[in-house]
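These are my notebook entries on a single structure, set down in the order in which I looked things up. The structure itself comes before the entries.

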Amino acid sequence: MNFTAIDFETANRQTNSACSVALTIVRNNQIVDEYYSLIKPDTWFDATNIRIHGIREQDVLHSPYFPEIWEEMSSYFTAEQLVIAHNMPFDKRILQGTLNYYGVEQPTFQTLCTVQSSRRLLKQLPNHKLNTVAAHYGIPLNHHHALDDARACAKILINQEKEYGTKALKSLVKYS
């Protein structure tokens with residue numbers, strides 16, 4: 001399979017509060033490239049979010065704003081591209097909210113959520129959180145670091161495709 005895994009971390013609950021992003025690029029079921037950046041959001045940092053991912057306002061003071069990062073990332077978000085995430089509704093909401101905030105046109109791309117694929121294919125697991133599914137496949141994880149989360153998500157889908165086949169996953173692809 002060919003796809004891009006994405007993960008955001010946010011400064012607070014606002015949809016335009018992305019403070020880090022990562023992409024893991026997969027071609028023919030092999031990780032071929034990765035991208036990670038801290039982001040300086042135009043908003044405040046909530047203590048709850050800081051406890052989750054450890055990113056503080058002072059960590060992003062000299063980081064680029066999202067439009068600068070989007071220039072580097074946008075080529076992975078086209079109608080032909082499959083973009084995956086573990087809890088795609090969250091990551092898609094952050095992407096859309098951040099693009100809206102900056103007045104950037106929304107891209108069209110295909111999506112697949114590995115929470116959904118895991119619920120369908122791995123019913124025996126006690127839950128389908130990223131750390132649980134990663135542990136099931138023996139994938140190391142520094143949870144809530146965007147690059148580790150994107151990489152784990154990519155490896156989950158690679159494993160699911162090997163174990164269950166492409167056909168089992170195709171029905172979960174959505175077009176947006």
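**Entry 1. Asn 29.** I looked up the side chain of Asn 29 and found one of its polar atoms 2.9 Å from the backbone nitrogen of Met 1. I count a polar contact as a pair of N or O atoms within 3.5 Å; within protein, one must be able to donate a hydrogen and the other to accept it, and residues adjacent in sequence count only if both atoms are side-chain atoms. The model is a predicted one, in which local features need pLDDT of at least 70 and side-chain atom pairs count only at pLDDT 80 or more, while totals for chains, interfaces and linings use all residues. Residues are numbered from 1 along each chain as its sequence is written, and side-chain values use heavy atoms, with hydrogens and water left out.

I then placed Asn 29 in the loop between β2 and β3 (30-38). Elements are DSSP runs numbered from the N terminus: helices are H or I of at least four residues, strands E of at least two. Setting aside neighbours within four places in sequence, I find Asn 29 in contact with Met 1, Ile 158 and Glu 161, where contact means heavy atoms within 4.5 Å. The C-alpha atom of Asn 29 is 8.9 Å from that of Ala 154, although 125 residues separate the two along the chain.

Is Asn 29 buried or exposed? Its relative accessible area is 13%, so I record Asn 29 as buried. The classes are buried under 20% relative accessible area, exposed over 50% and partly exposed in between, with a 1.4 Å probe and protein chains only.

**Entry 2. Positive phi.** Most residues other than glycine have a negative phi. Asn 29, not a glycine, has a positive phi of about 60 degrees. I noted His 144 as well, also not a glycine, with a positive phi of about 75 degrees. His 144 belongs to the loop between α5 (130-136) and α6, and at 29% relative accessibility it is partly exposed.

**Entry 3. Helices α3 and α6.** I checked the spans against the expected value, 1.5 Å times one less than the number of residues. Helix α3 (residues 88-101) has 14 residues and reaches 20 Å from first C-alpha to last, close to the expected 20 Å. For the 19 residues of α6 (residues 146-164), the end C-alpha atoms are 27 Å apart, which agrees with the 27 Å they should span.

Which residues of α3 are buried? I list Met 88, Asp 91, Lys 92, Ile 94, Leu 95, Gly 97, Thr 98 and Leu 99. Their cover includes β1 (3-10), β2 (18-27), α2 (66-73), β4 (82-85) and β5 (110-113).

**Entry 4. Aromatic rings.** How many aromatic pairs does a search of the whole structure find? It finds 5. Rings of Phe, Tyr and Trp (its six-membered ring) pair if their centres lie within 6.5 Å; planes under 30 degrees apart are stacked, over 60 edge-to-face, and the rest tilted. Trp 70 and Phe 77 have ring centres 5.2 Å apart and planes at 45 degrees, so I class this pair as tilted. Phe 77 and Phe 109 are edge-to-face, at 5.2 Å centre to centre and 85 degrees between the planes. This second pair links distant parts of the chain, 32 residues apart: Phe 77 is in the loop between α2 and β4, and Phe 109 in the loop between α3 and β5. Phe 77 is buried at 4% relative accessibility, and Phe 109 is buried at 5%.

I recorded one aromatic cluster, formed by Phe 8, Phe 66, Trp 70, Phe 77 and Phe 109. The charged end of Lys 92 sits over the ring of Phe 109, 6.0 Å from its centre; the rule asks for NZ of Lys or CZ of Arg within 6 Å of the ring centre and within 35 degrees of the ring normal.

**Entry 5. Cysteines.** With a disulfide taken as a pair of cysteine sulfur atoms within 2.5 Å, I count 0 disulfides. For Cys 19, the nearest cysteine sulfur is that of Cys 153, 18 Å away; Cys 19 is buried at 0% relative accessibility. The sulfur of Cys 113 is 7.8 Å from that of Cys 153, its closest, which is too far for a bond. Cys 113 is buried as well, at 6%.
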